[in-house]
There are 2 protein chains.
Amino acid sequence: MRVAVDVMGGDHGCGVAIQGAKRALEANPHIETLFLIGDKAEIHAALPPGGFRDHRVKVIHASEMLTMDDKPVAAIRKKKDASIVRAMEMVNDGKADAVVSLGNTGGIFAAATFKLGRLPGVERGAIAAQIPTQNGFFVLLDAGANVECKPLHLAQFAVMGSAYFRQMFNCARPRVGILSVGTEDTKGNELSLAAFALCKHLDINFVGNVEGHDLFEESVDVVICDGFVGNIVLKTIESLAVAMFTILKHELKASTRRKLGALLAQYAFRAMKKRMDPEVYGGAPMVGFNGSVMKSHGSATDRAVANAIGVAAQNVQSHVNESIARDIAAANQRIAALAAGQTPPATQA
Amino acid sequence: MRVAVDVMGGDHGCGVAIQGAKRALEANPHIETLFLIGDKAEIHAALPPGGFRDHRVKVIHASEMLTMDDKPVAAIRKKKDASIVRAMEMVNDGKADAVVSLGNTGGIFAAATFKLGRLPGVERGAIAAQIPTQNGFFVLLDAGANVECKPLHLAQFAVMGSAYFRQMFNCARPRVGILSVGTEDTKGNELSLAAFALCKHLDINFVGNVEGHDLFEESVDVVICDGFVGNIVLKTIESLAVAMFTILKHELKASTRRKLGALLAQYAFRAMKKRMDPEVYGGAPMVGFNGSVMKSHGSATDRAVANAIGVAAQNVQSHVNESIARDIAAANQRIAALAAGQTPPATQA
C-alpha cells in the first residue's frame, strides 16, 4: 500500500499535511510507502529536525501547485508539474495506490479525471461525503463535482455508492435512496424521476425516494443526488450544525446557573460535538477513478489529514475500485437491456 | 380584514384549527370576520359548548375535503365543494382577504392557482419558508411548489421574496441571494447562472450567489432556488435540528452529573428550542396569488394555526400583494428590455 500525499494547497502550508502523514504512518503499519509531493524546500523546512526517521517516507519534488483561485481544468493542463498532477501520475504509473490532497476540490477532481482517468464504464466521477447521524452515518453522492447530471449519472452514483459502502463498511446490501421532495415514487423532478426508473432495475438495495426529513432517521445508507443539490445539502448541514452549537454556547453563558449546568454537563456537549465532527472522516473520497482519491478540507488539521490517509488506505485494502468496476459493468448491461426494450434479470432486492 | 380558514385536512381533525382560530381572534382585534370552512357537523361537534361567542366567526359548509392522498390538480377539478376550493373562492369573490389551511400542500397550491389565480405578470406562485438563524431568520423560496423552474421563475421569486420581506419586516432593501455551490459569480448550474444573469439587472438588493455555508451567517435575507432544491434544504434543516436535539438529550441523560447540569441549564435548552421553533411562524405563505394564502403544517398545534392566521392577516395589512404586483410589473419590463437587447435603467443597489 503506497499513498501519495499532495502536501501543497492546504490553508496553513504543508506542515499540517506532513504532521498528518506522520500520524497516519504511526496508525497504519500496512502503509509501505508514503510520498510527500510538493515543493522540496518547503517540505524540508516543515519536516521535524532530523527528518521523519521513517524509511517509508519519500519526498517527491513538484515545482508548481494549484491555488484556490485556479480554474481547475485549465490549471491542470497548464501546470504540468503541479503537486496534484504529479500525485495522480504516480498512481497512473503504478508507483502509488492512492492520492490524498488538501487542495482545490475542483483541481483534484480535474486531475483525477484527466491524469488518472475513470474506471471502465464510469461516465462521471463523484464526491462521496460521509455525514454523521445519531447512531451512524450516511454517504451522500455526488457532493459537488457534477452540477449538471443526466439520469444515467445518478444511476451510476447509486451503483458506485452502494459498492463503496459495502466494501468500506462491511454491509452486504446497503440501502440506496434518491434524494427527492417526497418519498412517493411519483415525487421528484425530471432528473430524479428518470434516475428512479433506472435504479429500480439495478442490482442494488434500492429503497426509492428519500426526502430531507429522512436523512437523519437512519433509514438509508447511500443518498444519491446531482452535485448541485448535494453540495448545497452538505454545506447546509455543516452550517446549521455550527449555528446550533453557537446558539447553545450563547444560551449556556446567559446566567451563572446555566454556566454551572454547562460545566457539569460539559462531557455531553463534547460527546455531541465529537459525533458531529467531520474530522473523524478526514475528508471525502472521490469515487469512480482508476485509483483511490481522498479530498481533505483546506483547513484540515493534522488529525483530519491522518484520518483521510487512513480512509484512502482502507479504500485500497477493501478493493473498493475493483468492486465499483465490476458493479458498473453489470449495471451498464442492465441499463443497455432496458434501453433496448428488454427486461433485465430480476434483482436480489 | 376577513380570513377564511379551511379547517379540514389537518392530521388531528378540525378541532385544532378551530382552537387556533379562537386564539387568533383573541390576539388580532383587527380581524373583522373569520370564516370556518368545512363540514358543518364536524365543526359544530368541535366547537366549545355554546359555540364561539364571538360574532366575528361564521361557519361555511363544504361537503368535501382534500386528503393527503389526493392528486392536487385532479382533486381540485373534481371536488368542487372541497373546503380549500370554497376558501379560495371566497377570496376570489371578494368575501375574504386571506386563506389559511392545514391541508395537502399541493392541493392548497393548486387551489390557489386555479381558483384564485396569480397576480398579473407572475409566472409561478411560490412557497416562502421562514427559517430561523441565531439572531434572526431568512426566507427561502421556492420551498417546494415548483420542482422544475426556468430562469425567469427564479428571477420572479427574487422579486416576490424581496417585496414580501420588505413589507412584512419593514426592511427597505432586503438582501437577496441565489442558492448555489459557491459564492463566486461563475459558480452554479445552468439554471442558477441564467437566473443570476437576470437578477443582477433587477431593482433588488441582489447580493449574488450564496452557498449552504452562508445560510446561517445572517448575510442574506431572501434565498432563491427552485422548489426541488428548496424543499430538500428546508426538510434537511428541520430534520437535522430535530436530530441534534435528540443527540443532546441522549447525551445529557448519560450520567447523574450530566443530568444535574441539564437541570441547571434547562432554560438554555428551552430558549434554543424556542428559537428554532417553526410554530412561531405557524406555516409558510404562498406568494404570487390574488390573495393571501398561508399553509400551516398538517400536524400544527392550535398555537401554530393561530400564528399562521396572524401572519396571513399581517400579509394583508402590509399590502404584500400590491407590492409584489407593482415590483413584478417593473421587473418584467426590465427583463423584456434585456431580452430585446437593451440595457435596463440602473438599479438603486
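Is A:Glu251 buried or exposed, and at what relative accessibility? A:Glu251 counts as buried, because its relative accessibility is 9%. Here buried means under 20% relative accessible area, exposed means over 50%, and partly exposed is in between, with a 1.4 Å probe and protein chains only. Some notes to read alongside the structure follow.

1. Ground rules. This is a predicted model, in which local features need pLDDT of at least 70, side-chain atom pairs count only at pLDDT 80 or more, and totals for chains, interfaces and linings use all residues. Residues are numbered from 1 along each chain as its sequence is written, chains are lettered from A and ligands numbered from 1 in the order in which they are written, and side-chain values use heavy atoms, with hydrogens and water left out.

2. How the two chains relate.

3. B:Arg275 counts as partly exposed, because its relative accessibility is 25%. A salt bridge is a side-chain nitrogen of Lys or Arg within 4 Å of a carboxyl oxygen of Asp or Glu, and the count over all chains comes to 28. Helices (H or I, at least four residues) and strands (E, at least two) are DSSP runs, numbered from the N terminus.

4. Another bridge between the chains. A:Lys235 forms a salt bridge with B:Glu211, and the closest N and O atoms are 2.5 Å apart. Look for A:Lys235 in helix H8 (residues 227-252) of chain A, and for B:Glu211 in the loop between strand E9 (205-210) and strand E10 (222-224) of chain B. Both A:Lys235 and B:Glu211 are buried.

5. Bridges within a chain. The side chains of B:Arg23 and B:Asp302 meet in a salt bridge at 3.7 Å, N to O. This pair links distant parts of chain B: B:Arg23 is in helix H1 (residues 15-27), B:Asp302 is in helix H11 (residues 302-317), and they are 279 residues apart. B:Arg23 counts as partly exposed at 36% relative accessibility, and B:Asp302 counts as partly exposed at 25%. Over in chain A, a network of salt bridges links A:Asp81, A:Arg86 and A:Glu89.

6. Aromatic pairs. Rings of Phe, Tyr and Trp (its six-membered ring) pair if their centres lie within 6.5 Å; planes under 30 degrees apart count as stacked, over 60 as edge-to-face and the rest as tilted. That gives 15 aromatic pairs over all chains. One of them is A:Phe109 with A:Phe289, an edge-to-face pair at 5.3 Å centre to centre, with 80° between the planes.

7. A ring pair across the chains. A:Phe269 and B:Phe269 form a tilted pair, 6.4 Å centre to centre and 50° between the planes. Each sits in helix H10 (residues 266-276) of its own chain. A:Phe269 counts as buried at 13% relative accessibility, and B:Phe269 is buried with a relative accessible area of 13%.

8. Charges over rings. The charged end of A:Lys273 sits over the ring of A:Phe245, 5.3 Å from its centre. In chain B, B:Lys273 lies over the face of B:Phe245, at 5.3 Å from the ring centre. The rule asks for NZ of Lys or CZ of Arg within 6 Å of the ring centre and within 35 degrees of the ring normal.
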